[in-house]
Amino acid sequence: MTQNAIVEIRDLHKTYHEGDRSLSVLAGVSLDIAAGEFFAVLGASGSGKSTLLNLLSGIDSPDRGHILIDGSDITPLSDRQLTLFRRDHIGIVFQFFNLIPTLTARENITLPQELSGCGRKAAEARADDLLEQVGLGDRAGAFPDKLSGGEQQRVAIARALLHEPKLVLADEPTGNLDEDSGRAVIQLLLRLTREAGKTLIMATHSAEIARQADRVGRIHDGQLQVEAPPS
């Protein structure tokens, strides 16, 4: 175990079955990620980047192996326990913003906390603070269809950070944005997570993004090779 590791992955295996065909996406992956680290996951489409993040979030389950997050083994947890663990410990930023169209920016950010029983006033105050930090302080009452793609992703980042998670997972967060918007979103996400000392694990195709990471893991043929960021 790496000192101060917040994520410990041990002998992780995941195979998908389609009819009589099997595809081994992850085959014995082991890795430690330190608290406060930005770890970028690279690989071709279908290589297993999203699968790894889905396993780390508990959205999917491994066939074999263990995942420990902040000392807790999440692999034996039930679906309900995983939902509660995710709610309390993990923030997720998806490629597709997953905002609810009938809710305002503020309401999209606060909904997960309100569903968990968090007081509305406290959640709204925190949401408004985050909206200021992501440059959308004047857009709290706007609905998603009135926001650009970059603005929607900034709302999604605020939603992921509302509950102060130690671990943030980002799955191709710029994949649905133009180049300029994508670059701005990445800089924002990096600034907010680094300032708060959070661990960020991001799946990406971008060498430009990977250059800003502390370490890079490249997935190929079910294996994850850790390497220095590209120069």
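Author: In this predicted model, strand 3 sends Phe38, Ala40 and Leu42 to one side and Phe39 and Val41 to the other, and all of them are buried. The strand, which spans residues 38–42, is thus described as mostly covered, with 5 of its 5 residues buried. Burial here stands for a relative accessible area under 20%.

The pairing of strand 3 involves two other strands. With strand 8, residues 199–203, strand 3 pairs in the parallel sense over 4 bridges. Within that pairing, Ala40 is found opposite Met202 of strand 8. With strand 9, residues 215–220, strand 3 also pairs in the parallel sense, again over 4 bridges. There the bridge partner of Val41 is Gly217 of strand 9.

The model has 1 cavity of 30 Å³ or more, and the largest cavity holds about 40 Å³ of space. Its lining consists of Gly36, Glu37, Phe38, Leu190, Thr193, Arg194, Lys198 and Leu200. By class, the cavity lining divides into 3 nonpolar, 2 polar and 3 charged residues. Helix 6 makes the greatest contribution to this lining, with 3 residues.

Helix 6 also takes part in an open space. The second largest pocket contains about 160 Å³, and helix 6 provides the largest share of its lining, 5 residues. Helix 6 (179–195) and helix 7 (207–210) each give at least two residues to that lining. Among the residues that line the second largest pocket are Glu179, Gly182, Arg183, Ile186 and Gln187, together with Ser206, Glu208, Ile209 and Gln212. Thr174, Leu177 and Asp178 belong to the lining as well. The classes here are 3 nonpolar, 5 polar and 4 charged residues.

The largest pocket draws on other elements. About 520 Å³ of space lies in this pocket, and 20 residues line it, with Arg86, Arg87, Ile90, Pro112 and Arg159 nearest its centre. Two or more lining residues come from each of helix 2 (79–89), strand 6 (90–93), helix 3 (105–115) and helix 5 (149–161). Helix 3 supplies the largest share, 6 residues. In the lining of the largest pocket, 12 residues are nonpolar, 5 polar and 3 charged.

Arg86, one of the residues nearest the centre of the largest pocket, is also a buried residue of helix 2, along with Leu82 and Phe85. Viewed down the axis of helix 2, the buried residues fall within an arc of 100°, so they line one face of the helix. In an α-helix there are 3.6 residues a turn, so residues three or four places apart point the same way. The buried residues of helix 2 pack against helix 1 (49–57), strand 4 (64–69), strand 5 (72–73) and strand 6.

Technical notes:
Residues are numbered from 1 along each chain as its sequence is written. This is a predicted model: local features need pLDDT of at least 70, side-chain atom pairs count only at pLDDT 80 or more; totals for chains, interfaces and linings use all residues. Side-chain values use heavy atoms; hydrogens and water are left out. On a 1 Å grid over the protein atoms alone, a cavity is a set of points where a 1.4 Å probe fits but cannot get out, and a pocket is an open set with protein on both sides within 12 Å along at least five of seven lines; lining residues have an atom within 4 Å of a point. Grid points are joined across faces, edges and corners, and a volume is the space filled by probe spheres set on the points. Ala, Val, Leu, Ile, Met, Phe, Trp, Tyr, Cys and Pro count as nonpolar, Asp, Glu, Lys and Arg as charged, and the others, Gly among them, as polar. Buried means under 20% relative accessible area, exposed over 50%, partly exposed in between (1.4 Å probe, protein chains only). The arc is that of the directions from the helix axis to the C-beta atoms. Contact means heavy atoms within 4.5 Å. Two strands pair if DSSP finds at least two bridges between them.
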